[in-house]
Amino acid sequence: MLDPLVGVGPLRFGMDSDEVVAALGGPLFGGGQVPADGLFWARYQETGLTCIYDRGKVLVAVAIDPLEGPLVQVGEVELIGRVPSELRTEIHALAYREGLAVGVNWVGDPEVAAWGVSMGTAQEYGLSAEGYVQRKDTLVTSVLLVGPELAHDPFATAPVMHWCDARDRGRNPGAWPVMPGDERPYWEWVPLERVGPLRFGMTPPEVAAALDGETPAGRIGHFPHWSFAQDGLWCLEEDRFEKAGVSAHYWTHQDGVPRLGGVTAYGRTGPQVLYVGIPLVGMTPSALDEAVIQHLEKHDLALRFSPDGAAGPAGLNLTLGTTRAGDSTVSEPACYTEHWEI
């Protein structure tokens, strides 16, 4: 049960990391970000929890995984593993009865400062007929819970940014329209060489010129280390082109100049890209997986599965990810150069 702005289950905001482990019945093992400037986060395996700490190892936020985490309620409303639109309606109804304001966070989901609640979503998974885990076409809800110091705008605070830095990512107003297939331009994909007009190895100015001079709507990069945030060479990782509907991914050449190493075609708004006649963009993920597997099996070609369960051809450096389209997802492929590690 959530105790708004105070804690959730056995955890209380203000605990130190040792008290968190004790409350969760430790010892616990998991991944995370090592301490930097006193800020860190840790994902505790088998609990479905990620705990976010401020300076002094003080617990200030808890993120709950929708598939592995515990169920959490606010009032009579269950927050975890729900259909996003149904939960949004229930949150607004409960907040209205309590006289509370409901905002929208950077991903377009409800955020209620008075509860310290910021909702999110994640891909839903299930078992196939053969008994292995596979991705579904739908999303389920996750949640970030915060204490009073972070409640006004959690993703603008340093501890949460250290876990998920969304400053350079586009904000969503809470709508996910998908462009019809017949309105999308078609881009030719030559594996390991180019996607449409974008040839791997281009510099950022050359990429922009190939996209009719479009200025990036956002740029993502990094400094060498979090604790030296404004020190050293800033490395460009990604340019986001909203009009073209693509992101350009870069690696830094030995001469210090970023070079194009990958292209993502946006699932909702990007150009259509084909693989042996199979449309890769904006498709239902399960249908796309089935079509790709059938083609590879028919022609006795190597099949690989990505960590998120997407089927794809081996050796082409193609990933068939997904992006949100309301309560469901559509396919969003990324094509990379030969030496890009995926």
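1. Start with Y275. In this predicted model, Y275 is buried, with a relative accessible area of 9%. Its partner is W189: the ring centres lie 6.2 Å apart and the planes meet at 55 degrees, so the pair is tilted. W189 is buried as well, and its relative accessible area is 9%.

2. W189 belongs to strand β15 (residues 189-190). Y275 belongs to strand β22 (residues 272-275). The pair therefore ties together parts that are 86 residues apart in sequence.

3. The structure holds four aromatic pairs. Another one of them joins Y336 and W340. This pair is stacked, at 5.2 Å centre to centre and 20 degrees between the planes. Y336 is buried, with a relative accessible area of 11%. W340 counts as partly exposed, because its relative accessibility is 22% and buried means under 20%.

4. W189 also turns up around L318. Setting aside neighbours within four places in sequence, L318 is in contact with W189, L280, R304, P313, P333, A334, C335 and I342. L318 is found in strand β26, which covers residues 318-325. L318 is buried: its relative accessible area is 2%.

5. One separation to check on the model: L318 and W163 are 155 residues apart along the chain. Their C-alpha atoms are separated by 27 Å.

6. Finally, a charge and a ring. The charged end of R324 sits over the ring of W176. The distance from the ring centre is 3.9 Å.

Key. Residues numbered from 1 in each chain as written. Predicted model: local features only at pLDDT ≥ 70, side-chain atom pairs only at ≥ 80, totals over all residues. Heavy atoms only, no water. Helix = DSSP H or I, 4+ residues; strand = E, 2+ residues; numbered from the N terminus. Buried < 20%, exposed > 50% of the residue type's maximum accessible area, 1.4 Å probe, protein only. Contact = heavy atoms within 4.5 Å. Phe/Tyr/Trp six-rings, centres within 6.5 Å; stacked < 30°, edge-to-face > 60°. Lys NZ or Arg CZ within 6 Å of the ring centre and 35° of its normal.
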